[in-house]
Amino acid sequence: YFKRLRELSGRAFDSVVLVADEFDKLLEYYRTPAEPQVHELLNQLRRAATEEADLGVLVAGSDLMRRLVSNYRSALYGSATEIELKGFSEQEDQPAVRRIIAPEALGRRRIFDDGAVSHLIQITGGHPLYVRVIAFAASAIAQRTRVTRGLVSDTVAALLQGQVLEGRLPD
């Protein structure tokens, strides 16, 4: 796979970082008829991570991913560095959350009061994607007015009932 990637690129760049999010989803096929292909991919990832100086590999996942890098029978055992990412915390990370949900480039088009930001962090466990999706939906409902804690709660209820976003993804 990686040799083909190099061929396709025509050596247009010096190095490549392969990023695979939700890698756990691929690994779900490990105990199915597709197991040989998954096993081959894992072996190639190991070779790439350990032998290719110009290729970096970043895979993201959760529990299944953790088991993959800690199981001595796994192709990736011993060749990966595990970094656990925590969700945003309510007090420390409010400025970072605010930059995600209401970037300065949007000016005054998205305004979240402090209670709304705290509530977003609390109800999502600080998960960045969930914070962003709920904030986007709340902004769509607010239509350029201030987003409050109550509106965040109403937005979650509307999302759970399928009444918001209508197929749109956060910007």
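Guide: A nonpolar core is a set of buried Ala, Val, Leu, Ile, Met, Phe, Trp, Tyr and Cys residues joined through side-chain atoms within 4.5 Å, where buried means under 20% relative accessible area, exposed means over 50%, and partly exposed lies in between (1.4 Å probe, protein chains only). The model is predicted, so local features need pLDDT of at least 70 and side-chain atom pairs count only at pLDDT 80 or more, while totals for chains, interfaces and linings use all residues. Residues are numbered from 1 along each chain as its sequence is written, and side-chain values use heavy atoms, with hydrogens and water left out.

The largest nonpolar core has 18 residues, and those that touch the most other members are Val-97, Ile-101, Phe-112, Val-117, Leu-120, Val-147 and Val-152. Two or more residues of this core come from each of helix H5 (94-101), helix H6 (114-124), helix H7 (128-142) and helix H8 (149-160), and H7 gives the largest share, five residues. Helices (H or I, at least four residues) and strands (E, at least two) are DSSP runs, numbered from the N terminus.

If you settle on Leu-120 and leave aside residues up to four places away in sequence, you find that Leu-120 touches Ile-101, Phe-112, Val-131, Ile-134, Ala-135 and Val-152; a contact here means heavy atoms within 4.5 Å. Apart from this core lies another, of six residues, including Phe-23, Val-38, Leu-41 and Leu-45. In soluble globular proteins, nonpolar side chains tend to be buried together.

The structure holds one salt bridge, that is, a side-chain nitrogen of Lys or Arg within 4 Å of a carboxyl oxygen of Asp or Glu. In this salt bridge the side chains of Asp-114 and Arg-98 meet at 2.7 Å, N to O, and the pair links distant parts of the chain, since Asp-114 is in helix H6 and Arg-98 in helix H5, 16 residues apart. Asp-114 counts as exposed because its relative accessibility is 52%, whereas Arg-98, at 25%, counts as partly exposed.

To set this part within the whole, the protein chain has eight helices and two strands, which follow the pattern α-β-α-α-β-α-α-α-α-α along the sequence. Of its 171 residues, 32% count as buried, and among contacts between residues at least 6 apart in sequence, 60% join residues at least 24 apart.
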